[in-house]
Amino acid sequence: MSRVVMNVDAPTTHISRHIYGHFAEHLGRCIYDGFWVGKDSSIPNTRGIRNDLVAALRALKIPNLRWPGGCFADDYHWKDGIGPPEQRASIVNTHWGGVTENNSFGTHEFMDLCEMLECEPYICGNVGSGTVREMSDWVQYMTAAASCPMSDLRRSNGREEPWKVRYWGVGNETWGCGGNMRVEYYADVYRRYATYLRNQPDNRLYRIAVGAGTADYHWTEVMMREAAELMDGLSLHYYTVTGTWEDKGSATEFTEDEWFTCIRKALRIEELISRHSSIMDVYDPEKRVGLIVDEWGTWHNVEPGTNPGFLYQQNTIRDALVAGLTLNIFNEHADRVHMANIAQTINVLQAMVLTNDERLVLTPSYYVFRMYAGHQDAKRVPLVVEADEVEHDGYQMPTINASASVNNSGDVLVTLCNIHPHEPVNVDCEVRGIGISQISGQVLTAPTIDAHNTFEEPERVIPKSFDGASFENAALRVRMPARSVVALWLR
Ligand code: AHR
């Protein structure tokens, strides 16, 4: 029996809604043939953006969307993507499949999308092949109200009022595809960019420096030592790869052994956050600078027969568990993790939605984000978790993983993951500080470890109403099926 103690009467950190952010890169079929079908498409759209996608994502209350990359960002010159579409220069997407893009989706279209989704934009600027001036012009183009060459250019392109754009990333993976820089060099580059990305009277910027890939603690140390005072956030990228980078493993054909390996690697995010945070604590004990996990999720082999450069992968109940346990861990570290962005929203990596012409399917990961949406902007409830453990390949892993929050109305959301591929677990929760008169919830599970939704069978893995929880003698008992994510509302 696993045990959880919830101190509802001692809520602590605010869980930023931005932890539930998303990422959309010009990669494969995420933007083109994903969000963007074009105004003349037979697929119902509003100004070129797919209506059914917008409706599906609005149900997740997505708080922010990172764009245009990824590696693509450091090859992207934003002026190619403004003005009359027929006059925009085509470009070749050198990172992802070598395809030609006509730039019909640019700054204005992205902002239109964000307005439809009611989310905040998070722009990743070009440091690798761009200039300080190019990025500072982009900031002015989008956010300046006063007349100046860039705001006048925006007006000539049909947008009178400046947009509000808080989040700006100063490059992407500058240790790799974003310029192969040493951190000692990038720290100075960052300082220079941060200086020239100006606030406007009505638009204060939140500047995000490129942080470490996985466990590069030296990178975090140098960036915090040399540039913390000029940044609001420092990023971290971590992907869950079951196999090796050369052969990552199939998204849908895997053994129980590979299930455990995948889950174990996903759980590693806890150690990464703790260790990067402890370095950040030395330079920023007040935790002003956010750890921004702006790329995370599973990375499997592409679906057979698809373009290897398009990173199109299926998504099973295993991916849903990775999403659930990772979001629980982010909530638990909400004092330092101020934002996160799963990669990527549509048709790429651990997607929320897959599309095929006019058809659209919601993935198991999508449902986890929907079940967890109540944590956004709630207060974290401190938990003590004593989980039964399972041993795999010499590693001990907790069978359950949890987080809880309380919202302004006093309602408590508890989210639990049973990572075990074939054993149910019982969880005994002591709930301190509130009386419970009503329990309701949902469970996401599936008959097999590789279950997933397809265009032919889109509802194989969907949440169902959960009747496995009861409240007796101040104890909440939860009977979780194997391989399941449970979200419980206590009122
Ligand atoms: O998300 C796919 C790629 O992974 C991004 O473009 C890059 O930043 C990362 O390496």
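Exposed means over 50% relative accessible area, buried under 20%, and partly exposed in between (1.4 Å probe, protein chains only). This is a predicted model, in which local features need pLDDT of at least 70, side-chain atom pairs count only at pLDDT 80 or more, and totals for chains, interfaces and linings use all residues. Residues are numbered from 1 along each chain as its sequence is written, and side-chain values use heavy atoms, with hydrogens and water left out.

**View 1. Glu118 has a positive phi.** The phi angle is near 55 degrees, and the residue is not a glycine. Glu118 sits in the loop between α2 (107–117) and β8 (120–124); helices (H or I, at least four residues) and strands (E, at least two) are DSSP runs, numbered from the N terminus. Glu118 is exposed, at 59% relative accessible area.

**View 2. Thr214 also has a positive phi.** Its value is near 50 degrees. The loop holding Thr214 runs between β10 (206–213) and α6 (217–227). Thr214 is partly exposed, with a relative accessible area of 25%.

**View 3. Trp67 and Pro68 are joined by a cis peptide bond.** Omega is about 5 degrees. Pro68 belongs to the loop between β5 (64–67) and β6 (91–93).

View 4. Gln344 lies in the loop between β13 (337–343) and β14 (353–356).
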